[in-house]
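Subject: Handover of a structure and notes on its contents

Dear colleague,

Please find below the structure that I am handing over to you. My notes on it come directly after.

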Amino acid sequence: MIWNILHIIDIALWVFIAGSVIYVAFFALISLFYDKEDIVATHASAFSTKTKRFLILYPAYNEDKVIVNAVEKFLTQDYPPTHYTVAVISDHMRPETNNYLRTLPITLLTPVFEKSSKAKAMQYAINEVHGDFDNVVVLDADNVVRPEFLSQLNILCTIYDAIQCHRCAKNAESNVAVLDGTSEEINNTIFRKAHNRLGLSSALIGSGMCFNYELFKKNVFKLSTAGEDREMEALLLQQKVFIKYAPDIHVFDEKVSSQDNFQRQRMRWMTAQVQSLFRQLPQIPSAIFHGNINFVDKTIQQALIPRSILVVLLGGISIFMSLFMPVWSEKWWVLLGILAISLYIAIPRELRLRSFSKFLAIPGLVLRMLKNILHIDRKNTDFIHTEHNT
(Lines give C-alpha, C1' and ligand atoms only; values in the text may rest on other atoms or scores of the structure.)
Protein backbone atom coordinates (compact mmCIF):
# COMPACT_ATOMS: atom_id res chain seq x y z
CA MET A 1 0.00 0.00 0.00
CA ILE A 2 2.73 2.46 1.02
CA TRP A 3 4.65 1.72 -2.18
CA ASN A 4 1.58 2.45 -4.28
CA ILE A 5 1.20 5.84 -2.58
CA LEU A 6 4.89 6.63 -3.07
CA HIS A 7 4.65 5.62 -6.72
CA ILE A 8 1.65 7.90 -7.27
CA ILE A 9 3.56 10.79 -5.63
CA ASP A 10 6.59 10.01 -7.80
CA ILE A 11 4.56 10.08 -11.02
CA ALA A 12 2.62 13.21 -10.01
CA LEU A 13 5.86 15.07 -9.21
CA TRP A 14 7.40 13.92 -12.50
CA VAL A 15 4.39 15.14 -14.49
CA PHE A 16 4.46 18.50 -12.68
CA ILE A 17 8.16 19.07 -13.39
CA ALA A 18 7.87 17.66 -16.92
CA GLY A 19 5.52 20.51 -17.86
CA SER A 20 8.28 23.10 -17.35
CA VAL A 21 10.88 20.93 -19.10
CA ILE A 22 8.69 20.27 -22.16
CA TYR A 23 7.91 23.99 -22.52
CA VAL A 24 11.64 24.83 -22.51
CA ALA A 25 12.47 21.96 -24.86
CA PHE A 26 9.75 22.87 -27.37
CA PHE A 27 10.84 26.49 -27.75
CA ALA A 28 14.53 25.57 -27.73
CA LEU A 29 13.86 23.37 -30.77
CA ILE A 30 11.79 26.11 -32.43
CA SER A 31 14.78 28.45 -32.07
CA LEU A 32 16.73 26.20 -34.45
CA PHE A 33 14.34 26.89 -37.31
CA TYR A 34 15.59 29.02 -40.14
CA ASP A 35 15.54 32.66 -39.11
CA LYS A 36 13.73 34.28 -41.99
CA GLU A 37 14.65 37.84 -42.82
CA ASP A 38 12.11 40.30 -41.49
CA ILE A 39 10.63 41.23 -44.87
CA VAL A 40 8.29 43.78 -43.32
CA ALA A 41 11.11 45.63 -41.57
CA THR A 42 13.32 45.45 -44.65
CA HIS A 43 10.54 46.94 -46.75
CA ALA A 44 10.04 49.67 -44.15
CA SER A 45 13.75 50.57 -44.15
CA ALA A 46 13.68 51.01 -47.91
CA PHE A 47 10.65 53.29 -48.04
CA SER A 48 10.40 54.97 -44.63
CA THR A 49 11.70 58.53 -44.57
CA LYS A 50 10.24 59.80 -41.30
CA THR A 51 12.71 60.51 -38.52
CA LYS A 52 10.75 59.71 -35.38
CA ARG A 53 11.00 61.66 -32.15
CA PHE A 54 12.07 59.56 -29.16
CA LEU A 55 11.73 60.12 -25.42
CA ILE A 56 14.47 58.16 -23.61
CA LEU A 57 13.68 57.32 -19.97
CA TYR A 58 16.38 56.42 -17.43
CA PRO A 59 14.69 55.59 -14.09
CA ALA A 60 17.65 55.84 -11.71
CA TYR A 61 17.26 54.86 -8.05
CA ASN A 62 20.54 55.26 -6.13
CA GLU A 63 22.49 54.66 -9.38
CA ASP A 64 25.38 57.11 -8.88
CA LYS A 65 27.96 54.50 -9.93
CA VAL A 66 26.60 53.88 -13.42
CA ILE A 67 24.20 56.57 -14.61
CA VAL A 68 26.73 59.15 -15.83
CA ASN A 69 28.59 56.65 -18.03
CA ALA A 70 25.33 55.31 -19.48
CA VAL A 71 23.98 58.77 -20.36
CA GLU A 72 27.27 60.03 -21.80
CA LYS A 73 27.51 56.95 -24.03
CA PHE A 74 23.92 57.41 -25.18
CA LEU A 75 24.56 61.00 -26.21
CA THR A 76 26.94 59.75 -28.92
CA GLN A 77 23.97 58.58 -31.04
CA ASP A 78 24.31 59.04 -34.81
CA TYR A 79 20.69 60.26 -34.72
CA PRO A 80 19.62 63.93 -35.01
CA PRO A 81 19.88 65.42 -31.48
CA THR A 82 16.75 67.46 -32.18
CA HIS A 83 14.76 64.25 -32.47
CA TYR A 84 15.41 62.66 -29.09
CA THR A 85 15.15 63.78 -25.48
CA VAL A 86 16.96 61.97 -22.67
CA ALA A 87 15.19 62.17 -19.32
CA VAL A 88 16.89 60.89 -16.17
CA ILE A 89 14.55 60.38 -13.22
CA SER A 90 16.98 60.80 -10.33
CA ASP A 91 15.67 59.13 -7.17
CA HIS A 92 17.88 59.11 -4.05
CA MET A 93 21.03 60.02 -5.98
CA ARG A 94 23.80 62.22 -4.58
CA PRO A 95 23.78 66.00 -5.18
CA GLU A 96 27.15 65.85 -6.97
CA THR A 97 25.78 63.28 -9.41
CA ASN A 98 22.74 65.43 -10.13
CA ASN A 99 24.91 68.53 -10.52
CA TYR A 100 27.03 66.82 -13.15
CA LEU A 101 23.98 65.49 -14.98
CA ARG A 102 22.65 69.05 -15.18
CA THR A 103 25.68 69.98 -17.30
CA LEU A 104 24.64 67.45 -19.96
CA PRO A 105 22.06 68.14 -22.71
CA ILE A 106 19.36 66.11 -20.96
CA THR A 107 16.25 66.64 -18.83
CA LEU A 108 16.91 65.89 -15.17
CA LEU A 109 13.94 65.10 -12.93
CA THR A 110 14.35 64.83 -9.15
CA PRO A 111 11.10 63.51 -7.66
CA VAL A 112 10.72 62.59 -4.00
CA PHE A 113 8.71 59.39 -3.58
CA GLU A 114 7.46 58.08 -0.26
CA LYS A 115 7.88 54.58 -1.71
CA SER A 116 10.12 54.42 -4.77
CA SER A 117 9.48 52.22 -7.78
CA LYS A 118 10.39 52.14 -11.43
CA ALA A 119 6.72 52.44 -12.38
CA LYS A 120 6.36 55.66 -10.35
CA ALA A 121 9.50 57.08 -11.96
CA MET A 122 8.16 56.47 -15.48
CA GLN A 123 4.74 57.87 -14.59
CA TYR A 124 6.38 60.99 -13.17
CA ALA A 125 8.43 61.48 -16.34
CA ILE A 126 5.42 61.20 -18.63
CA ASN A 127 3.66 63.88 -16.56
CA GLU A 128 6.67 66.21 -16.49
CA VAL A 129 8.34 65.89 -19.90
CA HIS A 130 6.26 67.38 -22.68
CA GLY A 131 6.89 67.16 -26.39
CA ASP A 132 5.68 65.82 -29.69
CA PHE A 133 7.08 62.30 -29.21
CA ASP A 134 6.44 59.29 -31.42
CA ASN A 135 8.07 56.64 -29.23
CA VAL A 136 9.34 56.00 -25.71
CA VAL A 137 12.50 54.02 -24.92
CA VAL A 138 13.02 52.63 -21.40
CA LEU A 139 16.60 51.92 -20.30
CA ASP A 140 18.12 50.94 -16.97
CA ALA A 141 20.71 53.24 -15.44
CA ASP A 142 23.54 50.81 -16.28
CA ASN A 143 22.49 50.14 -19.88
CA VAL A 144 24.92 51.08 -22.65
CA VAL A 145 23.92 51.19 -26.32
CA ARG A 146 25.74 51.64 -29.61
CA PRO A 147 25.64 54.90 -31.63
CA GLU A 148 23.27 53.36 -34.20
CA PHE A 149 20.72 52.33 -31.55
CA LEU A 150 18.04 54.94 -32.38
CA SER A 151 18.62 54.68 -36.13
CA GLN A 152 17.88 50.96 -35.95
CA LEU A 153 14.81 51.50 -33.77
CA ASN A 154 13.55 54.20 -36.12
CA ILE A 155 13.13 51.56 -38.84
CA LEU A 156 11.31 48.99 -36.69
CA CYS A 157 9.06 51.62 -35.10
CA THR A 158 7.54 52.20 -38.52
CA ILE A 159 5.93 48.76 -38.24
CA TYR A 160 5.82 47.72 -34.58
CA ASP A 161 4.28 49.48 -31.56
CA ALA A 162 6.20 47.44 -28.97
CA ILE A 163 9.82 46.30 -29.34
CA GLN A 164 12.13 44.41 -27.00
CA CYS A 165 15.79 44.88 -27.88
CA HIS A 166 18.49 42.26 -27.35
CA ARG A 167 19.74 42.83 -23.82
CA CYS A 168 23.10 41.17 -23.28
CA ALA A 169 25.92 41.15 -20.71
CA LYS A 170 28.57 43.85 -20.67
CA ASN A 171 30.61 42.22 -17.88
CA ALA A 172 31.84 38.73 -17.01
CA GLU A 173 34.25 39.24 -14.13
CA SER A 174 32.82 36.54 -11.83
CA ASN A 175 31.11 33.16 -11.97
CA VAL A 176 27.84 34.79 -10.92
CA ALA A 177 28.05 37.40 -13.71
CA VAL A 178 28.77 34.73 -16.34
CA LEU A 179 25.84 32.59 -15.21
CA ASP A 180 23.54 35.63 -14.99
CA GLY A 181 24.50 36.60 -18.54
CA THR A 182 23.97 33.03 -19.74
CA SER A 183 20.53 32.94 -18.10
CA GLU A 184 19.65 36.15 -19.95
CA GLU A 185 20.63 34.62 -23.29
CA ILE A 186 18.63 31.46 -22.59
CA ASN A 187 15.61 33.65 -21.94
CA ASN A 188 16.31 35.58 -25.15
CA THR A 189 16.30 32.32 -27.09
CA ILE A 190 13.23 30.71 -25.52
CA PHE A 191 10.93 33.59 -24.59
CA ARG A 192 11.82 36.04 -27.35
CA LYS A 193 13.46 34.68 -30.49
CA ALA A 194 11.62 31.34 -30.58
CA HIS A 195 8.29 32.94 -29.71
CA ASN A 196 8.58 35.45 -32.56
CA ARG A 197 9.41 32.63 -34.97
CA LEU A 198 6.06 31.05 -34.13
CA GLY A 199 4.28 34.38 -34.53
CA LEU A 200 3.94 34.82 -30.75
CA SER A 201 4.88 37.95 -28.84
CA SER A 202 8.30 38.34 -27.27
CA ALA A 203 8.58 38.66 -23.52
CA LEU A 204 9.61 42.03 -22.11
CA ILE A 205 12.67 42.32 -19.87
CA GLY A 206 12.27 45.67 -18.12
CA SER A 207 14.82 47.65 -20.09
CA GLY A 208 15.85 48.01 -23.72
CA MET A 209 12.15 48.41 -24.48
CA CYS A 210 10.57 50.74 -27.03
CA PHE A 211 6.88 51.62 -27.30
CA ASN A 212 4.61 53.84 -29.32
CA TYR A 213 4.32 56.98 -27.18
CA GLU A 214 0.52 57.08 -26.95
CA LEU A 215 0.36 53.35 -26.24
CA PHE A 216 2.91 53.70 -23.44
CA LYS A 217 1.18 56.76 -21.99
CA LYS A 218 -2.13 54.90 -21.99
CA ASN A 219 -0.74 51.94 -20.05
CA VAL A 220 2.07 53.21 -17.82
CA PHE A 221 -0.34 54.71 -15.29
CA LYS A 222 -1.89 51.27 -14.77
CA LEU A 223 1.38 49.87 -13.38
CA SER A 224 1.47 49.37 -9.62
CA THR A 225 3.98 46.64 -8.67
CA ALA A 226 7.75 46.11 -8.72
CA GLY A 227 7.20 43.76 -11.68
CA GLU A 228 6.28 46.61 -14.00
CA ASP A 229 7.60 44.84 -17.11
CA ARG A 230 5.34 41.83 -16.54
CA GLU A 231 2.40 44.15 -15.88
CA MET A 232 3.07 46.11 -19.06
CA GLU A 233 3.42 42.92 -21.06
CA ALA A 234 0.10 41.56 -19.80
CA LEU A 235 -1.63 44.86 -20.57
CA LEU A 236 -0.29 44.90 -24.12
CA LEU A 237 -1.24 41.28 -24.74
CA GLN A 238 -4.75 41.93 -23.44
CA GLN A 239 -4.97 44.66 -26.09
CA LYS A 240 -3.51 42.21 -28.65
CA VAL A 241 -0.43 44.36 -29.26
CA PHE A 242 2.35 42.26 -30.79
CA ILE A 243 5.77 42.58 -29.12
CA LYS A 244 8.66 42.36 -31.58
CA TYR A 245 12.07 41.01 -30.51
CA ALA A 246 14.99 42.82 -32.15
CA PRO A 247 18.03 40.51 -31.83
CA ASP A 248 20.33 42.86 -33.75
CA ILE A 249 19.66 45.93 -31.59
CA HIS A 250 21.89 45.39 -28.57
CA VAL A 251 21.54 46.86 -25.10
CA PHE A 252 24.52 46.05 -22.88
CA ASP A 253 23.45 45.40 -19.31
CA GLU A 254 25.56 44.96 -16.17
CA LYS A 255 25.12 41.49 -14.72
CA VAL A 256 25.15 40.93 -10.96
CA SER A 257 28.58 39.90 -9.69
CA SER A 258 27.90 38.80 -6.11
CA GLN A 259 25.66 36.13 -4.65
CA ASP A 260 23.95 38.68 -2.39
CA ASN A 261 22.97 40.86 -5.35
CA PHE A 262 21.89 37.75 -7.24
CA GLN A 263 19.61 36.76 -4.38
CA ARG A 264 18.05 40.24 -4.14
CA GLN A 265 17.50 40.39 -7.90
CA ARG A 266 15.89 36.94 -8.02
CA MET A 267 13.72 37.80 -5.04
CA ARG A 268 12.25 40.68 -7.03
CA TRP A 269 11.81 38.51 -10.13
CA MET A 270 10.24 35.57 -8.29
CA THR A 271 7.84 37.85 -6.41
CA ALA A 272 6.83 39.52 -9.68
CA GLN A 273 6.32 36.10 -11.30
CA VAL A 274 3.99 34.91 -8.53
CA GLN A 275 2.10 38.21 -8.53
CA SER A 276 1.66 38.05 -12.30
CA LEU A 277 0.42 34.45 -12.17
CA PHE A 278 -2.30 35.21 -9.62
CA ARG A 279 -3.27 38.42 -11.41
CA GLN A 280 -3.58 36.77 -14.83
CA LEU A 281 -5.21 33.44 -13.94
CA PRO A 282 -8.74 34.90 -13.53
CA GLN A 283 -8.50 36.35 -17.04
CA ILE A 284 -7.63 33.05 -18.73
CA PRO A 285 -11.24 32.01 -19.57
CA SER A 286 -11.82 35.32 -21.36
CA ALA A 287 -8.48 35.05 -23.18
CA ILE A 288 -9.33 31.53 -24.39
CA PHE A 289 -12.82 32.60 -25.46
CA HIS A 290 -11.41 35.49 -27.52
CA GLY A 291 -8.56 33.40 -28.94
CA ASN A 292 -5.83 35.46 -27.24
CA ILE A 293 -3.10 32.81 -27.44
CA ASN A 294 -0.37 35.27 -26.50
CA PHE A 295 -2.02 36.04 -23.15
CA VAL A 296 -2.58 32.34 -22.41
CA ASP A 297 1.06 31.59 -23.26
CA LYS A 298 2.28 34.43 -21.03
CA THR A 299 0.25 33.07 -18.09
CA ILE A 300 1.76 29.62 -18.62
CA GLN A 301 5.22 31.22 -18.47
CA GLN A 302 4.44 32.60 -15.01
CA ALA A 303 3.76 29.05 -13.78
CA LEU A 304 7.07 27.60 -15.01
CA ILE A 305 9.76 26.49 -12.56
CA PRO A 306 12.91 28.65 -12.95
CA ARG A 307 15.45 26.81 -15.08
CA SER A 308 18.35 26.89 -12.61
CA ILE A 309 16.08 25.36 -9.96
CA LEU A 310 14.98 22.77 -12.52
CA VAL A 311 18.59 21.70 -13.18
CA VAL A 312 19.43 21.20 -9.49
CA LEU A 313 16.03 19.70 -8.62
CA LEU A 314 16.12 17.15 -11.44
CA GLY A 315 19.75 16.28 -10.77
CA GLY A 316 19.05 15.72 -7.06
CA ILE A 317 15.92 13.64 -7.64
CA SER A 318 17.62 11.52 -10.33
CA ILE A 319 20.53 10.67 -8.04
CA PHE A 320 18.21 10.00 -5.10
CA MET A 321 16.02 7.67 -7.16
CA SER A 322 19.04 5.82 -8.55
CA LEU A 323 20.27 5.13 -5.03
CA PHE A 324 17.02 4.20 -3.32
CA MET A 325 14.47 3.31 -6.01
CA PRO A 326 16.45 2.59 -9.19
CA VAL A 327 13.45 1.06 -10.98
CA TRP A 328 11.78 4.50 -10.89
CA SER A 329 14.86 6.51 -11.80
CA GLU A 330 14.97 6.13 -15.61
CA LYS A 331 12.20 8.61 -16.35
CA TRP A 332 13.95 11.20 -14.16
CA TRP A 333 17.26 10.81 -16.00
CA VAL A 334 15.43 11.11 -19.32
CA LEU A 335 13.82 14.36 -18.17
CA LEU A 336 17.17 15.69 -16.95
CA GLY A 337 18.75 14.78 -20.29
CA ILE A 338 16.01 16.60 -22.25
CA LEU A 339 16.49 19.71 -20.09
CA ALA A 340 20.28 19.62 -20.49
CA ILE A 341 20.06 19.33 -24.28
CA SER A 342 17.46 22.09 -24.43
CA LEU A 343 19.58 24.50 -22.40
CA TYR A 344 22.63 23.64 -24.49
CA ILE A 345 20.68 24.56 -27.62
CA ALA A 346 19.38 27.79 -26.05
CA ILE A 347 22.84 29.05 -25.05
CA PRO A 348 24.60 30.92 -27.88
CA ARG A 349 27.48 28.89 -29.30
CA GLU A 350 30.14 31.40 -28.22
CA LEU A 351 29.01 31.23 -24.57
CA ARG A 352 28.65 27.47 -24.13
CA LEU A 353 32.17 26.54 -23.01
CA ARG A 354 32.47 29.45 -20.59
CA SER A 355 28.99 28.82 -19.19
CA PHE A 356 29.47 25.12 -18.50
CA SER A 357 32.84 25.82 -16.85
CA LYS A 358 30.91 27.74 -14.15
CA PHE A 359 28.44 24.91 -13.56
CA LEU A 360 29.63 24.25 -9.98
CA ALA A 361 28.44 27.70 -8.91
CA ILE A 362 24.80 26.87 -9.76
CA PRO A 363 23.87 24.84 -6.62
CA GLY A 364 24.85 27.72 -4.30
CA LEU A 365 22.83 30.21 -6.33
CA VAL A 366 19.83 27.87 -6.44
CA LEU A 367 19.99 27.48 -2.65
CA ARG A 368 19.64 31.25 -2.36
CA MET A 369 16.69 31.19 -4.77
CA LEU A 370 15.02 28.47 -2.68
CA LYS A 371 15.48 30.62 0.42
CA ASN A 372 13.67 33.39 -1.43
CA ILE A 373 10.61 31.17 -1.84
CA LEU A 374 10.05 31.30 1.92
CA HIS A 375 9.85 35.10 1.80
CA ILE A 376 7.67 35.65 -1.28
CA ASP A 377 4.69 37.85 -0.49
CA ARG A 378 2.44 38.16 -3.52
CA LYS A 379 0.78 41.24 -2.01
CA ASN A 380 4.06 43.07 -1.45
CA THR A 381 4.77 45.86 -3.95
CA ASP A 382 7.98 47.18 -2.37
CA PHE A 383 10.80 48.01 -4.77
CA ILE A 384 13.90 45.81 -4.24
CA HIS A 385 16.99 47.64 -5.50
CA THR A 386 19.89 45.69 -7.05
CA GLU A 387 23.21 47.42 -6.46
CA HIS A 388 25.76 47.91 -9.25
CA ASN A 389 29.50 47.54 -8.84
CA THR A 390 30.93 49.66 -11.66
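This is a predicted model: local features need pLDDT of at least 70, side-chain atom pairs count only at pLDDT 80 or more; totals for chains, interfaces and linings use all residues.

Residues are numbered from 1 along each chain as its sequence is written, and side-chain values use heavy atoms, with hydrogens and water left out.

Salt bridges

The structure holds 9 salt bridges (a side-chain nitrogen of Lys or Arg within 4 Å of a carboxyl oxygen of Asp or Glu). One of them joins K118 to D140, with the closest N and O atoms 2.8 Å apart. This pair links distant parts of the chain: K118 is in helix α5, whereas D140 is in the loop between β4 (135–138) and β5 (144–145), 22 residues apart. Helices (H or I, at least four residues) and strands (E, at least two) are DSSP runs, numbered from the N terminus. Both partners are buried, K118 at 12% relative accessibility and D140 at 19%. Here buried means under 20% relative accessible area, exposed over 50%, and partly exposed in between (1.4 Å probe, protein chains only).

A further salt bridge pairs D253 with R167, the closest N and O atoms being 4.0 Å apart. Because D253 lies in strand β8 (residues 243–253) and R167 in strand β6 (residues 162–169), the pair ties together parts that are 86 residues apart in sequence. D253 is buried at 5% relative accessibility, and R167 is buried at 4%.

E233 counts as buried at 3% relative accessibility, as does K298 at 5%.

A serine contact

S116 sits in the loop between β3 (107–109) and α5 (118–128). It is buried, with a relative accessible area of 15%. Its side chain makes a polar contact with the side chain of D91 (2.6 Å). A polar contact is a pair of N or O atoms within 3.5 Å; within protein, one must be able to donate a hydrogen and the other to accept it, and residues adjacent in sequence count only if both atoms are side-chain atoms.

Helix α13

Helix α13 (residues 307–324) has 18 residues and reaches 26 Å from its first C-alpha to its last, close to the 26 Å expected at 1.5 Å a residue (1.5 Å times one less than the number of residues). Its buried residues include R307, L314, S318 and M321.

Surface patch

M1, I2, W3, I5, L6 and I9 form a nonpolar surface patch with about 670 Å² of accessible area together. Patches are made of residues with over 30% relative accessible area and no salt bridge, nonpolar side chains (Val, Leu, Ile, Met, Phe, Trp, Tyr) being joined within 5 Å and like charges within 9 Å. Accessible areas come from the Shrake-Rupley method with a 1.4 Å probe; for residues, only the protein chains shown count as cover. M1 lies in the segment before α1 (2–30) and is exposed, with a relative accessible area of 75%.

Cysteines

The structure holds 0 disulfides (pairs of cysteine sulfur atoms within 2.5 Å). For C210, the nearest cysteine sulfur is that of C157, 3.5 Å away. C210 is buried at 1% relative accessible area, and C168 is buried at 7%.

With kind regards
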